[in-house]
Amino acid sequence: MASSPDKEKQGSLWFKNKKALNNVLFAMRLHSLTPKQALSQNQTAKQPTGKTLDNFTLTNLVSDKTSLLSDEILLKILSKLPNSQRSANFLVSKRWLNLQGRLLRSIKLLDWDFLISGRLFLRFPNLIHVDLVNGCLISPRNSGIFVSHKQIVSFHVGSDVEHKDWFFDESFVLNANEVDKGLSVLANGFPNLRKLVVINASEIGLLNVAQECPTLQELDLHMCNDRILLGIAGCKNLQILRLSGIVDGIYSSLVSDIGLTILAQGCKRLVKLELSGCKGSYEGIRAIGQCCQMLEELALCNHKMEDGWMLALSYCENLKSLRFSSCKRIDGCSGVDEHLGFCRAVESLCLEKCQLRDKNSLRALFVVCQNVRELVLKNCWGLTDDMFGTANVLRRVRCLILEGCSLLTTHGLESVIISWNELKSLKVKSCNSIKDSEVNPTLSSVFSSLKDLKWDPDTKAFLTANLAGSGLKKKGVKFFKKSCDWKSLPQVHRISDS
């Protein structure tokens with residue numbers, strides 16, 4: 001789009017006339033100052049000599065025009081920039097370095113001394129989310145071996161470890177006293193802290209954080225045990241809590257019914273609770289349901305619960321979402337339907353990477369969550385037609401998501417969803433036993449009544465259709481059938497024994 005000559009002329013005059021631009025910036029500077037400072041600056045600018053004003057405008061303003069702006073105005077300008085353009089701002093000057101640190105709200109600490117020395121507060125004074133896990137780990141930074149476990153913990157290890165349990169031991173993490181010392185420094189420097197992630201802390205360190213940081217709302221505890229949970233009783237405003245107890249092959253910390261009861265009595269405002277590798281039973285879950293009346297989301301990852309724990313889910317009266325992840329079993333005690341009870345408020349049930357081997361326990365879970373509106377099954381082992389048939393007890397499902405369920409067939413899917421009169425959304429992906437050719441008129445009529453349908457069950461057929469006519473298979477076969485004479489290759493010399 002072409003611009004008029006008059007506008008181009010005005011723009012060129014604006015940039016060439018430095019005095020006009022300096023006057024505008026000087027007025028913005030006066031506006032950002034206090035009345036007394038503005039009066040003194042205005043009187044200095046009105047001096048009859050004009051020498052002071054010329055030096056001020058030509059030297060200071062032209063060389064660095066941002067120096068006329070107050071920190072508050074410049075912070076507002078920098079905060080409007082996208083995140084991709086903020087990372088290099090600290091290279092401009094020391095002032096911009098400090099301002100950029102004031103804009104940062106979240107950080108993952110890598111150097112523990114950076115926290116203990118107080119430099120973390122000087123560099124980033126407005127942090128509200130701090131992750132201390134990587135800073136607490138003692139591992140070689142230059143090692144090429146990197147260990148990660150389901151996004152729970154990750155660290156570098158050396159190649160000179162001789163014992164067989166080389167993945168993780170007590171020497172890989174700071175002791176509890178050192179961690180508590182760092183928590184004390186963190187709590188004193190950041191009283192407005194809202195989220196904290198820490199490993200191998202003790203109840204003393206957590207009590208200090210609870211006293212100094214009353215706005216703490218989210219807490220992740222790794223290597224957690226029953227005694228540590230005594231320290232979170234002072235976190236009156238805690239709403240989201242994640243506990244990591246036993247992590248197979250990494251570390252083993254016991255969270256039993258004792259710890260769950262302490263948790264329930266101390267954190268009565270919990271909205272979301274995630275238990276990873278935690279032990280417990282009926283008593284611990286019942287205490288959580290009775291005391292945490294505001295609990296809406298409960299997640300269990302690789303749980304070690306004793307049989308019968310699911311009978312206590314009915315005490316969670318306001319529970320809306322229940323999620324299982326990487327669980328080898330659900331509950332060995334199926335019980336009777338009258339004893340199971342059910343959670344009236346549950347709307348979403350998700351099972352991801354779980355082993356579904358016991359038909360009775362899966363049916364018992366569906367009975368407890370019989371009012372569920374959304375059912376998600378992703379990459380679950382053992383989900384056959386017979387196992388999926390237990391979902392017939394669900395009558396109010398509106399959304400069904402199936403992904404990676406390779407044993408479920410078209411007939412098994414049809415036998416269940418034809419009885420769901422309220423089904424409005426269906427998403428099927430990577431379920432290779434469900435075939436398009438097996439869709440009958442009854443199943444087609446169900447599909448026609450849906451508002452949202454995403455159908456991509458057979459990934460192999462989709463890949464074959466895309467490769468048809470491309471000749472990739474033939475080229476690959478011809479290439480690998482060719483014999484190769486390694487002696488004829490250039491720059492290959494035989495090494496003779498000297």
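Leaving aside neighbours within four places in sequence, with which residues is Ser-281 in contact? In this predicted model, where contact means heavy atoms within 4.5 Å, Ser-281 touches Asp-257, Met-305, Glu-306 and Trp-309. Local features need pLDDT of at least 70, side-chain atom pairs count only at pLDDT 80 or more, and totals for chains, interfaces and linings use all residues. Residues are numbered from 1 along each chain as its sequence is written, and side-chain values use heavy atoms, with hydrogens and water left out.

Ser-281 is located in the loop between β9 (279–280) and α13 (282–291). Helices (H or I, at least four residues) and strands (E, at least two) are DSSP runs, numbered from the N terminus. Ser-281 counts as buried because its relative accessibility is 11%; buried means under 20% relative accessible area, exposed over 50%, and partly exposed in between (1.4 Å probe, protein chains only). In α13, the buried residues are Gly-284, Ile-285, Ala-287, Ile-288 and Gly-289. These buried residues of α13 pack against α12 (257–266), β8 (272–276) and β11 (304–305).

The protein contains 20 helices and 17 strands. Of its 498 residues, 40% are buried. Among contacts between residues at least 6 apart in sequence, 66% join residues at least 24 apart.

Two packed helices are described by the angle between their axes and the distance between the axes. Axes are lines fitted to C-alpha atoms, for helices over the stretch in contact, and angles run from 0 to 180 degrees between N-to-C directions. The axes of α10 (residues 176–189) and α11 (residues 203–212) come within 8 Å and cross at roughly 5°. The two helices α10 and α11 are therefore roughly parallel to each other; angles under 35 degrees count as roughly parallel, over 145 as roughly antiparallel, 65 to 115 as roughly perpendicular and the rest as oblique. Asp-180, Leu-183, Ser-184, Ala-187 and Asn-188 of α10 form the contact with Ile-204, Gly-205, Leu-206, Asn-208, Val-209 and Glu-212 of α11. The residues of this contact comprise five nonpolar, four polar and two charged, with Ala, Val, Leu, Ile, Met, Phe, Trp, Tyr, Cys and Pro counted as nonpolar, Asp, Glu, Lys and Arg as charged, and the others, Gly among them, as polar.

Ala-176 also lies in α10 and, at 25% relative accessibility, counts as partly exposed. Ala-176 touches Asn-200 and Ser-202, not counting residues up to four places away in sequence. The C-alpha atoms of Ala-176 and Asn-200 are 5.8 Å apart, with a separation of 24 residues in sequence.

Helices α17 (residues 410–417) and α18 (residues 441–448) pack at an angle of about 55°, with their axes 10 Å apart. That angle makes α17 oblique to α18. Thr-410, Glu-414 and Ile-417 in α17 meet Thr-442, Leu-443, Val-446 and Phe-447 in α18. The residues of this contact divide into four nonpolar, two polar and one charged.

Lys-353, although not a glycine, has a positive phi of about 55°. Lys-353 is found in the loop between β13 (348–352) and α15 (359–368) and counts as partly exposed at 42% relative accessibility.
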